[in-house]
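The following note is intended for a colleague meeting this structure for the first time.

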Amino acid sequence: MASLPVFRLSPTNTMALSNRPTITASSNGVPPSNRRSGGPAVLEIPLEKIRRPLMRTRENDPVKVKDLMESIREIGLQEPIDVLEVEGVYYGFSGCHRFEAHQRLGLPTIRCKVRRGTKETLRHHLQ
């Protein structure tokens, strides 16, 4: 499996003057301009910046969350969650167990594979 570069959004300065996220290179030193054109970016996003519109309609398996917490504590998150970015707002529809594990561990950010979409794409996900 090919590894994707990870970019971090600063939790204290996530929005630039243009209302776009400020992206900095991760510790692997890969600048944003070196990622594949058109492909998803992998970013560390503060949990508080991700909207979870389907969270109330689903219940997570507590055993799976506990197991993920142990794994994340030991080796870190191995698979980023998928996030849809629409007009600078992040929406998460998958990775529910991983997201809850991060919350319960008190981690401020989570690694996300970010794809940009339109309001129409967002409406499709909400159906």
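Predicted model: local features only at pLDDT ≥ 70, side-chain atom pairs only at ≥ 80, totals over all residues.

1. Buried means under 20% relative accessible area, exposed means over 50%, and partly exposed covers what lies in between. Cys96, at 23% relative accessibility, counts as partly exposed.

2. A disulfide is a covalent bond between the sulfur atoms of two cysteines. With a pair of cysteine sulfur atoms required to lie within 2.5 Å, the count of disulfides comes to 0.

3. As to overall layout, the protein chain contains 3 helices and 7 strands. Read from the N terminus, its elements follow the order β-β-β-β-α-β-β-α-β-α. Of the chain's 127 residues, 36% count as buried.

4. Helix H1 spans residues 62–75 and has 14 residues. From first C-alpha to last it reaches 20 Å, close to the 20 Å expected at 1.5 Å a residue. Val65, Met69 and Ile72 are buried in H1. These residues lie on the same side of H1, because they cover an arc of only 75° around the axis. The face turned away from that buried side carries the exposed residues Val63, Glu74 and Ile75.

5. Arg111 is buried yet has no salt bridge. How far away is the nearest side chain of opposite charge? That side chain belongs to Glu44 and is 5.2 Å away, whereas a salt bridge requires a nitrogen and a carboxyl oxygen within 4 Å. The side chain of Arg111 does, however, reach the backbone oxygen of Gln78 at 3.2 Å.

6. A search of the whole structure finds 6 salt bridges. One of them joins the side chains of Glu87 and Lys119, at 3.8 Å from N to O. This pair links distant parts of the chain, its members being 32 residues apart. Glu87 sits in the loop between strand S5 (81–86) and strand S6 (89–92), while Lys119 belongs to helix H3 (residues 119–126). Glu87 counts as exposed, because its relative accessibility is 56%. Lys119, with a relative accessible area of 46%, is partly exposed.

7. A salt bridge also connects Arg104 with Glu100, the closest N and O atoms being 3.7 Å apart. Both residues lie in helix H2 (residues 96–105); they are 4 residues apart and so are separated by about one helical turn. Arg104 is partly exposed, with a relative accessible area of 48%. Glu100 is likewise partly exposed, its relative accessible area being 23%.

8. In helix H3, Arg123 forms a salt bridge with Glu120. Their closest N and O atoms are 3.1 Å apart. The two residues are 3 residues apart, about one turn of the helix. Arg123 counts as partly exposed at 46% relative accessibility, and Glu120 counts as partly exposed at 49%.

Methods: Residues numbered from 1 in each chain as written. Heavy atoms only, no water. Buried < 20%, exposed > 50% of the residue type's maximum accessible area, 1.4 Å probe, protein only. Lys, Arg positive; Asp, Glu negative; His and termini not counted. Polar contact = N/O pair within 3.5 Å; in protein donor to acceptor, adjacent residues only side chain to side chain. Expected span 1.5 Å × (residues − 1). Arc of directions from axis to C-beta.
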